[in-house]
Amino acid sequence: MSFKKSERQNRKAVTITRQVADSIITWAKTHHPNEAILVLQGKSTREQISVDGVVIPPFSESGPFYSGFGIHDLPYTIPHVGTAHSHPGGSNNPSLEDLNYFTGFVSIIISHPYEDNTIAAYDRNGNSLELKIVNS
Ligand SMILES: [Zn+2]
């Protein structure tokens with residue numbers, strides 16, 4: 001369907017550096033079997049979102065089922081393009097809570113066993129975004 005195609009083309013591509021991918025993987029593994037969350041730094045343009053840094057959120061509390069992040073408590077002085085969090089069990093699809101607590105432009109989700117190919121990116125509507133890991 002041509003409508004769907006043009007809709008897909010309007011979605012931004014997401015680029016994350018190798019270092020950011022490794023940080024997300026390590027952070028997720030460290031907290032397993034609990035969820036872990038990180039704040040993503042970088043920039044967003046019309047065509048793409050590039051992530052080049054991560055910050056540990058000041059009020060994060062992790063638990064077995066929900067990372068319970070007070071992302072709405074995030075000081076506005078921390079510039080961010082979105083968040084990354086882990087799904088210790090199941091898929092890397094966004095949950096309803098993930099979409100309700102969406103902040104920024106992109107939500108990155110990594111599922112167990114926390115490898116490059118279990119990292120996925122979504123926009124605030126839960127649409128899957130193209131994700132590229134780049135060496136920089
Ligand atoms: Zn989630």
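Helices (H or I, at least four residues) and strands (E, at least two) are DSSP runs, numbered from the N terminus. With these terms in hand, the chain reads α-β-α-β-β-β-α-β-β-β-β from its N terminus on, with three helices and eight strands. The model is a predicted one, in which local features need pLDDT of at least 70, side-chain atom pairs count only at pLDDT 80 or more, and totals for chains, interfaces and linings use all residues. Residues are numbered from 1 along each chain as its sequence is written.

The eight strands form an open sheet with mixed pairing, in the order β7-β6-β5-β4-β2-β3-β1-β8; two strands pair if DSSP finds at least two bridges between them. At the edges stand β7 (128-129) and β8 (131-134), each of which pairs on one side only. Within the sheet, β1 (residues 13-17) and β3 (residues 48-55) run parallel and are joined by four bridges. Here Ile-16 stands opposite Val-51 in β3.

Next comes a helix, α2, with 14 residues. From its first C-alpha to its last, α2 reaches 20 Å, close to the 20 Å expected at 1.5 Å a residue (the expected span is 1.5 Å times one less than the number of residues). A residue is buried if 20 or more other C-beta atoms, placed from the backbone, lie within 10 Å of its own, exposed if 12 or fewer, and partly exposed in between. Which residues of α2 are buried? They are Val-20, Ala-21, Ile-24, Trp-27 and Ala-28. These residues lie on the same side of α2 because they cover an arc of only 135° around the axis, taken from the directions from the helix axis to the C-beta atoms. On the other side of α2, Arg-18, Thr-26 and Thr-30 are exposed.
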